[in-house]
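Turn the view as you go, and take each part in order.

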2 protein chains.
Amino acid sequence: MTEKLRIVQMGLGPIGNKVTQYLAERPNLEIVGAIDTDPAKVGQDVGVLAGLAPLGVIVTADIDAALGGGRADVVVLTTASSMAKVHDQLLRILPYGVSVVSSCEELSYPWQTQPELAASIDRAAKKSNAAVLATGVNPGFLMDFLPAAMTGVCRKVRKVTVERIQDATFRRIPFQKKIGAGLTVEEFYKKVEEGVLRHVGLTESMHLIAARLGWQLDKTEDIITPIIAERRVTTDSMVIEAGNVLGVQQLGRGIMGGEEVISLVFRAAIGEPGARDRIVIDGEPAIDSCINGGVNGDVATCAILVNAIPVVAKARPGLRTMADIEPITCW
Amino acid sequence: MTEKLRIVQMGLGPIGNKVTQYLAERPNLEIVGAIDTDPAKVGQDVGVLAGLAPLGVIVTADIDAALGGGRADVVVLTTASSMAKVHDQLLRILPYGVSVVSSCEELSYPWQTQPELAASIDRAAKKSNAAVLATGVNPGFLMDFLPAAMTGVCRKVRKVTVERIQDATFRRIPFQKKIGAGLTVEEFYKKVEEGVLRHVGLTESMHLIAARLGWQLDKTEDIITPIIAERRVTTDSMVIEAGNVLGVQQLGRGIMGGEEVISLVFRAAIGEPGARDRIVIDGEPAIDSCINGGVNGDVATCAILVNAIPVVAKARPGLRTMADIEPITCW
């Protein structure tokens, strides 16, 4: 890789801006374009938006202007969690023959959940000889790729359990709000019903694991419950009364032949003890792997998006997932 | 994968026979041939050699007889740890257009250590539109692939440390002998000089990690020392006097810019405390991942060889390594 890869950053929310920072510090990458529909961002320098010195790249709302002329090799797409939205954007991006790395959670393994949209993206990518990959720390790595890869040394696997336990006490306030910290239980369930309080990706992670193990799941479940304060809890930013919500527990269950063969346990709450990323494989050999303290999600998601770029740039054309792409490493 | 993959097992030592057992239990594989040069094995049923019921496949010493007629898809090659030996065998196998999964430690990442032989195998594989991969639990997985893959969520990596600590007390007697248990220190170093007491692969593992991180190492070191009994130790199979050898410590050091940026610590000894497979990444984020008790090497090496088959069967032609192949999982 003597030539620099030319990158267009599309979607300049918190993740997109952080990605810009990471892109700018890699000597083998060059940011050649930036796209966002927000009128407040259009016309600004993408470096300045990311809190850096100007990079000489001005944000446009016009995909065709940014990608015309064949200046880009890879688009980093950090616009939405929803597959439907990202599908329409991809169908405008891919004809330019550029590959795409995306943070879209639903795109991380959409073959079971949204097969028509997945097939449509796959066709468009192959037609343009480009590859598309959605990844992130979770979904993408901790609760799907890593446990699947761990089974590589197993003769047999009976069950896969993954725990991602996070203490939100010292996380950003938007993260604390996202997990429902400080809400009443009623407010919590209202937000769950509205679909705004939910970690997106557990179902996709289960399907990735099952596909790689050759398992035909009968069904998957994704159960959200609040973690409730037993006594008043005070943090730097809020007071949570006893009986109110410290955070969220989300349980992914993959059922095959009446047995729970995949268990994904996601907990993020104020004061949550035992922060960790743990993988337990009930198999031969049995494996119990633990990252004590867990992996910081904000850094890790942006890092794996940037680390994926050179791998996606030379991947087989089509819609790839973490289940069928060469290893992504820091480089 | 509706059609069964047709496998030829070449090399029927302890690893080869165990691989036969694992091959035989996979519904998507069919053993169609078996090769070994040992006259005591030729003419025997490969299943019987592996302690199973007869499989109807008779061992031959003749590579051309086993592979002629295009009956095989993949050869599992478990003949030697030496790249030179395996090179000559591969140059006879590959023209049949079959892909190869091998346990050869030196072949796991030979691009720095034996570049001419590596290039020769790569050319032969590409010419026959076949892929070659050497893997195993170590080298192949625990001390190279897994730490490299863990860096995928890192923005920066300053140092990678991997510890593989094994308590040999309850392992097979050949394993205990292999690590020097019961020898005097003099005998230990004599065997090291003869090259018979040595874990093969630390250097290859360091080169795999460095290559994936884009690091140009100044040099690598591979230092073997005995672990010595402080008092008499008695096991089921031997008595080790104080001052004699409990096992081996092997230290891989990868140096860049005068700093040790890769540390691989391999210890296997009778009564060794704290058995584990641990990965510590000094980076952003920092990662400290530990498999307490460690991974059983006998099962794991044979399992990953078998698990690699479907991935290698559809891999890009050429000499592949665990650094540039799609994920291997139990299936």
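## Where the two chains meet

Let us begin with one ion pair: Arg155(A) forms a salt bridge with Glu25(B), and their closest N and O atoms lie 2.7 Å apart. Please keep in mind that this is a predicted model. Between chain B and chain A the count is six salt bridges. Several elements of chain B each supply at least two residues of the side that touches chain A: helix H6 (145–150), E7, helix H9 (202–213), strand E14 (287–292) and helix H10 (297–313).

How many residues of each chain take part? In chain B, 47 residues are in contact with 47 residues of chain A. Together chain B and chain A bury about 3,800 Å² between them, and 58% of that is on carbon and sulfur atoms.

## How the copies are related

In general, a rotation about an axis and a shift along it relate two copies of a chain. For this pair, chain B is superposed on chain A by a rotation of 180° with 0.0 Å of shift along its axis, at an RMSD of 0.0 Å. The two copies are thus related as by a two-fold rotation axis.

Now follow the strands. Twelve of them form an open sheet with mixed pairing, in the order E8(A)-E11(A)-E12(A)-E7(A)-E13(A)-E14(A)-E14(B)-E13(B)-E7(B)-E12(B)-E11(B)-E8(B). At the edges stand strand E8 (219–228) of chain A and strand E8 (219–228) of chain B, each with a single partner strand, so one side of each is left without a neighbour in the sheet. From one strand to the next, the twist averages 10°.

Which strands join the two chains within this sheet? Strand E14 (residues 287–292) of chain A and E14(B) run antiparallel and are joined by three bridges. There, Cys290(A) stands opposite Cys290(B) in E14(B).

Within chain B, strand E13 (residues 276–284) also runs antiparallel to E14(B), with six bridges between them. The bridge partner of Val280(B) in E14(B) is Asp288(B). E13(B) and E14(B) form a hairpin with two residues between them. Parallel pairing is found where strand E7 (residues 156–167) of chain B meets strand E12 (residues 259–269) of chain B, through eight bridges. Glu163(B) stands opposite Val265(B) in E12(B).

## The parallel sheet of chain A

Chain A also holds an open sheet of seven strands with parallel pairing, in the order E3-E2-E1-E4-E5-E6-E15. Its edge strands are strand E3 (59–60) and strand E15 (318–320) of chain A, each of which pairs on one side only. Strand E1 (residues 5–10) and strand E2 (residues 29–35) of chain A run parallel, joined by six bridges. Here Met10(A) stands opposite Ile35(A) in E2(A).

## Backbone details in the loops

The peptide bond from Asn138(A) to Pro139(A) is cis, with omega near 0°, and Pro139(A) is found in the loop between E6 and helix H6 (145–150) of chain A. In chain B, the peptide bond from Asn138(B) to Pro139(B) is cis, with omega near 0°. Pro139(B) has its place in the loop between strand E6 (131–134) and H6 of chain B.

Finally, turn to Asn129(A), in the loop between H5 and E6 of chain A. Phi of Asn129(A) is near 55°, a positive value in a residue other than glycine.

Definitions and conventions:
Residues numbered from 1 in each chain as written. Chains lettered and ligands numbered in written order. Predicted model: local features only at pLDDT ≥ 70, side-chain atom pairs only at ≥ 80, totals over all residues. Heavy atoms only, no water. Pairing = 2+ DSSP bridges. Helix = DSSP H or I, 4+ residues; strand = E, 2+ residues; numbered from the N terminus. Axes fitted to C-alpha atoms, helices over the stretch in contact; angles between N-to-C directions. Least-squares fit on C-alpha atoms with pLDDT ≥ 70 in both. Contact = heavy atoms within 4.5 Å. Buried area = accessible area lost by both parts, 1.4 Å probe. Salt bridge = Lys/Arg side-chain N within 4 Å of Asp/Glu carboxyl O.
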